[in-house]
Amino acid sequence: MAASMGRWLLFFLALLSFFWEAFRGFGWGASLDDDLLLPYSRLRARSARDCARARVGSREHESWPPSPATPGASGAAVRTFVSYFAGRAVAGHLTRATEPLRTFSVLEPGGPGGCASRRRATVEETARPAGCSVAQNGGFFRMSTGECLGNVVSDGRRVSSAGGLQNAQFGIRRDGTMVTGYLSEEEVLDTENPFVQLLSGVVWLIRNGSVYINESQAAECDETQETGPFSKFVNVISARTAIGHDQKGQLMLFHVDGQTEQRGINLWEMAEFLLKQDVVNAINLDGGGSATFVLNGTLASYPSDHCQDNMWRCPRSVSTVVCVHEPRCQPPDCSGHGTCVEGHCQCTGHFWRGAACDKLDCGPSNCSQHGLCTETGCRCEAGWTGSNCSEACTNGSFGEDCAKKCQCQNGAACDPAQGTCTCPPGFTGDTCVQECPLGWHGPGCQRPCRCEHQCPCDPQTGNCNLTQAPTLNSILSQVKQCLQPSKVTLQTAEFSLLTGTSWLALTLALVFLLLISAVVNVSLLWGSRAERSRHLDGAYVYHQLQEMNGELQATEKEQLGDTRSPFKD
């Protein structure tokens, strides 16, 4: 009997454990999600053009520069209020936080990875591990799937994208600038000054100190959520939350308790209340049963959703959470160049500067514009040296750190960066060791000499009087046809004494002598021809033929001598 009772007891405990595990996810007091305040209808009553995606360009938004840090003023100041709106008593909380860049974060549901896994968690469950002193529900989400809607950037990580759909946005950029309004996808993805925190709401409540609700109804897209008419969402009383900033650059979080159509406030009443608190820009966040306020990890608001037993009220499991915490370094690792001490980065090394230790600073001269600032100091360009790259290479050196020696000769200038030689006049070649070729002079040996008789000139100056340059005697010895400079100078002086008339008389005399010579030559020629003709016309002498090899008699030789031919010279 005892054994049987024991088995039944074990079976009962196992069954109880099963039901406990089955319902633990919901909890005995889990929310029923029965107070829905959704901005748009499931049936698309708005024109499709309202949901045109803005991929590029600039959209209407306001940017507020970061305020200077006030020592000892960091942290959150929470004010609890009960105010009357049209005769209705409404309770809520208004939180202001200084230095929002270091004290504010957008959290994913249940921690990092919550949007990717479409997780839902209560604000308490998300806020406690993150160390939030103040936390509220954040942006809208898909009730059926838990999908985070709109743009979400959490501590520098983009975890959800609106794809350019236009709804009110609030974010903080890396330099601390707060941005409120509409953003194109290009602006969201800006890398020069990226967002470190960003979330989407529905309805831009206040723009630059004025109510902006009507303009928002005409501009925003209905794909951010699913549900009733947009005008009802704006005008119905319910629990509400908002985020923005005031004139001093302080972050502002707003929350009021309520229940849709029974208690709470509408968007117009919320905007007017915020204006009285010196709020400059603000957007509306998720409300209704999602509206939750947590102080130091404990629920401090009155939820409107019913629990599972329908007697109690339970906080809803929501999506993103806005969190105010103790000052933290941004980024937390100080860009890898410092350590975070009480919310401030203390940079390591001698040259890292800035609140995030992300800027290199090598001093006021900034490497004198001749180098690059690195974490070890100035890295000078070729041709420059010194701790701030202000000294040019000297003493025949060039290149990086002036470590190379110039090879230039004959007083040539050496380029401190490349080591190339600039030759003086009279020299050429890569190292300026070659003198100009004969007949050329000047820089680069590009000018021809202009001396008489093709004489060489001074290769440096082009001077034709080489007696002033003893080193050029070797050049003279190579030019045989060139007269000595002194003789050339003398002849030039003598010739310069002759006038134009003297030159003309001398020329005529030479012509006259030429004519006389020509006449004499012609006369001689004609006389020679006349003499020849006279001899040819004279008598011939007959000589008797003799036998071959015969000898003449003496008498015959005498006769022969008396009768010589007249042609014999």
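**Burial, contacts and core**

Mentor: Gln166 counts as buried because its relative accessibility is 5%, where buried means under 20% relative accessible area, exposed over 50% and partly exposed in between (1.4 Å probe, protein chains only). This is a predicted model, with local features requiring pLDDT of at least 70 and side-chain atom pairs pLDDT 80 or more, while totals for chains, interfaces and linings use all residues. Residues are numbered from 1 along each chain as its sequence is written, and side-chain values use heavy atoms, without hydrogens or water.

Trainee: Where does Gln166 lie, and which backbone atom lies 3.0 Å from its side chain?

Mentor: Gln166 is in the loop between β7 (157-160) and β8 (169-173); helices (H or I, at least four residues) and strands (E, at least two) are DSSP runs, numbered from the N terminus. A polar atom of the Gln166 side chain lies 3.0 Å from the backbone oxygen of Leu183. That pair is a polar contact: N or O atoms within 3.5 Å, one able to donate a hydrogen and the other to accept it, with sequence neighbours counted only between side-chain atoms.

Trainee: Which residues of α7 are buried?

Mentor: In an α-helix there are 3.6 residues a turn, so residues three or four places apart point the same way. In α7 (residues 267-276) the buried residues are Leu267, Glu269, Met270, Ala271, Phe273 and Leu274.

Trainee: Which residues have the most contacts inside the largest nonpolar core?

Mentor: A nonpolar core joins buried Ala, Val, Leu, Ile, Met, Phe, Trp, Tyr and Cys residues through side-chain atoms within 4.5 Å. The largest one has 27 residues, and Val203, Leu205, Phe233, Phe254, Leu267, Met270 and Leu274 make the most contacts inside it. At least two residues each come from β2 (76-85), β3 (88-97), β11 (204-207), α6 (230-235), β14 (251-256), α7 and β15 (279-284). The greatest contribution is that of α7, with 5 residues. A second, separate core of 23 residues includes Val106, Phe170, Leu253 and Val324.

Trainee: What does Phe254 touch, beyond residues up to four places away in sequence?

Mentor: Among the residues touched by Phe254 are Phe81, His93, Leu94, Ile265, Met270, Phe273 and Leu274.

Trainee: Where does Phe427 lie, and what surrounds it?

Mentor: Phe427 is part of strand β31 (residues 427-428), and at 12% relative accessibility Phe427 counts as buried. Beyond residues up to four places away in sequence, Phe427 touches Asn410, Cys432, Gln434, Glu435, Cys436, Gly444, Cys445 and Gln460. Gly442, 15 residues from Phe427 in sequence, lies 8.1 Å from Phe427, C-alpha to C-alpha.

Notes
Contact = heavy atoms within 4.5 Å.
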